[in-house]
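Keep the sequence and the coordinates open side by side. The text below moves from the sheet to the helices, then to charged pairs and backbone details.

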Amino acid sequence: MADAQYILPNDIGVSSLDCREAFRLLSPTERLYAHHLSRAAWYGGLAVLLQTSPEAPYIYALLSRLFRAQDPDQLRQHALAEGLTEEEYQAFLVYAAGIYSNMGNYKSFGDTKFVPNLPKEKLEHVILGSKAAQQNPAEVRSLWQTCGELMFSLEPRLRHLGLGKEGITTYFSGDCTMEDAKLAQDFLDSQNLSAYNTRLFKDVDQDGKPRYEVRLASVLGTESALHSEMTSRLKSYEFRGNHFQVTRGDYAPILQKVVEHLEKAKAYAANSRQEQMLAQYIESFTQGSIEAHKRGSRFWIQDKGPIVESYIGFIESYRDPFGSRGEFEGFVAMVNKAMSAKFECLVASAEQLLKELPWPPAFEKDKFLSPDFTSLDVLTFSGSGIPAGINIPNYDDLRQTEGFKNVSLGNVLAVAYATQREKLTFLEEDDKDLYIRWKGPSFDVQVGLHELLGHGSGKLFVQDEKGAFNFDQETVINPETGEQIQSWYRSGETWDSKFSTIASSYEECRAESVGLYLCLNPQVLEIFGFEGADAEDVIYVNWLNMVRAGLLALEFYTPEVSSWRQAHMQARFVILRVLLEAGEGLVTVTPTTGTDGRPDARVRLDRNKIRSVGKPALERFLRRLQVLKSTGDVAGGRALYEGYAAVTDAPPECFLTLRDTVLLRKESRKLIVQPNTRLEGSEVQLLEYEASAAGLIQSFSERFPEDGPELEEILTQLATADARFWKCPSEAPSGQA
């Protein structure tokens, strides 16, 4: 059997998203709007399979064929007859549920591969003897032959997502290196093209020189005669002695289905802003234009307080090893009015609270653009995973001048982060009851501050294409050096493109730190209904949760290549290091032996020193983070952040040894079962499923009732068309950077 870190355990937690009441309160028109947006999101989410690993589309197609022909109970009878034990069949169901939940065979949280926890030969017998194989023997056998070996392989390079020798990724062809990624980013910056909806493929010409294809996601191909803002970009370029070709048409048949349902949703939009938003999204996905998506995002920002909230596109760049390309995601949700009222009060206090942050006013946006901040009950969230909260759009230029929206996903928080006492690790016994009592409320506070005032704060110093600056070069002083500003962002540069591999984690760390820092403010806690002793308990548990999370983060560090696999967890480890460095016994991490005789550890936080020791340490760290970000000081930012993110076995903490303890006692992240919507006549029905691996599988088996086989054919054809890019990587030279 495989190492425990590469399997999903049979007893993995599975929860169902409950949005029944919120859906019931929608009008018939709102339900139709939500339905078609959900369909668009689910179709688009299939692109994530093609963004994850070469084998993921084939695994998805194989599993979908199996469970369409036989539901989990029916397949169970066949599996047991083939010689599987109950435990082995459950392991297969959990694996299948994991594929659907993560949209691929790598964990969305940690980017680690997971494999079936049963013998390959036994699974092969089940698959080749299944009803699906009886109905289509050649197709099922071909799918198994294509993905069976890779499904189980734990060859070192395949254990994690990464670039070059450090892992597998399908954002880049298999022979791309980090040098290629940097060169391509410089090329994109030079053409003022965004990387969000691109992939990079490298070939070698007859002279052995590399040739790069930058492929945009779009319905239309490069040969389309329809003129648009994008067609002039689709051509060959010479850049620093290297050949680049900009093409489009990535995921075309999938995006065609997205566009069809966005068109249908337009008929049920609540206002002209929603109609214009959808029209621009349609333009973006049709043409491959990020500028059109930005225009759609402007209308989305302006659509304040909608009953049905949604967003869709190539959004988060966490899983691109270079940190610039967006994974497809789409969500549809309904407003939770009670919690949203608290967030509205937080927004009303935001301008005053921003003044509390530990950097000079010149490093804050010129004007705080009051955003929407709502608590939502999720109906649909497609992609590789579901977050607790979101601050979008991610486009720097929009965030600085147009604003943004914050959402807290209330029904996700309710199930994904619930904790059982017996499964609580690394805490003192006398902390556990307090932790369980206040973890949920403190997390609401942290998510609110993190999204609104963490991601929503701070200014980037920019020189535009005309040479004009958005700050006064003469009067603005760097508080860390006492000198005038020496660096900034040039036209075309963004936070992601400039800070690349550390951008996501650095920004998450900044937002988490803002949450910890501002939760000490009594005004904030009053907004959420906490005063006196309760308020102090919320503060303590919020800080304790962050300290514990910093220790748990070690699961996501890979010592073999000295790299982190998850941005949020790296951020929390960095904060743990900052608080440990503060000294005076504020935080301690102590190795112990558990009652089972195995290695264990305990984290302690002195609640009496949070304000006197913790706050000043966090204040100094936060100011440095913001100043380096504002000024685009990549060298300084990397030195600071990578210094704190380094994992060594130096005493007293001995983090590399503690990592073994964390792996020994880790609990797998829960799987989330989502409902479906179905159009019956002119009415939309909500279909719900049980909280189990079988229920999650059933939800996907019923997700595409009209065109499931067609979608599987599309996915395998798209994967096969590019398969050569990940077979026998050539020793192609990198470009001249």
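What follows is a short walk through this structure, one region at a time.

This is a predicted model: local features need pLDDT of at least 70, side-chain atom pairs count only at pLDDT 80 or more, and totals for chains, interfaces and linings use all residues. Residues are numbered from 1 along each chain as its sequence is written, and side-chain values use heavy atoms, with hydrogens and water left out.

Start with the sheet. Helices (H or I, at least four residues) and strands (E, at least two) are DSSP runs, numbered from the N terminus. Two strands pair if DSSP finds at least two bridges between them. Strands of a sheet pair through backbone hydrogen bonds, either parallel or antiparallel. Here, five strands form an open sheet in the order β6-β7-β8-β10-β9, and the pairing is mixed. Its edges are β6 and β9 (389-392); each has a single partner strand, so one side of each lacks a neighbour in the sheet. From one strand to the next, the twist averages 35°. Axes here are lines fitted to C-alpha atoms, for helices over the stretch in contact, and angles run from 0 to 180 degrees between N-to-C directions.

Now look at one pairing. Strand β8 (residues 372-382) runs parallel to β10, and five bridges join them. Asp-372 stands opposite Lys-405 in β10. Helix α14 (residues 337-348) packs on this sheet and touches β7 (327-336), β8 and β10. Contact means heavy atoms within 4.5 Å. The direction of α14 makes about 135° with that of β8.

A salt bridge is a side-chain nitrogen of Lys or Arg within 4 Å of a carboxyl oxygen of Asp or Glu. By this rule the count comes to 47 salt bridges. In one of them, Glu-309 pairs with Lys-405, with the closest N and O atoms 2.9 Å apart. Glu-309 lies in strand β6 (residues 308-316) and Lys-405 in strand β10 (residues 405-409), so the pair ties together parts that are 96 residues apart in sequence. Both Glu-309 and Lys-405 are buried. Buried means under 20% relative accessible area, exposed over 50%, partly exposed in between (1.4 Å probe, protein chains only).

Salt bridges that share partners join Arg-199, Glu-213, Arg-215, Asp-250 and Asp-722 into one network. Glu-213 and Arg-215 are both buried.

Glu-263 is partly exposed, because its relative accessibility is 41%. Lys-266 is partly exposed too, at 26%.

Helix α18 (residues 429-454) has an end-to-end C-alpha span of only 32 Å, whereas a straight helix of 26 residues would span 38 Å at 1.5 Å a residue. The expected span is 1.5 Å times one less than the number of residues. α18 bends by about 50° at Trp-438, and a proline, Pro-441, follows within four residues. The bend at a residue is the angle between axes fitted to the seven residues ending there and the seven starting there. Helix α21 (residues 532-552) reaches 30 Å from its first C-alpha to its last, close to the 30 Å expected for its 21 residues. Of those 21 residues, 16 are buried, so α21 is largely enclosed by the rest of the structure.

Finally, check the backbone. The peptide bond from Ile-392 to Pro-393 is cis, with omega near 5°. Pro-393 sits in the loop between β9 and α16 (396-401). Another cis bond joins Pro-651 and Pro-652, with omega about 5°. Pro-652 is in the loop between α24 (634-645) and α25 (655-664).

Positive phi values also occur. Asp-111 is not a glycine, yet has a positive phi of about 60°. Asp-111 lies in the loop between α6 (86-102) and α7, and is buried at 8% relative accessibility. Phe-426 has a phi near 70°. Phe-426 is in the loop between α17 (410-416) and α18, and is buried, with a relative accessible area of 2%.
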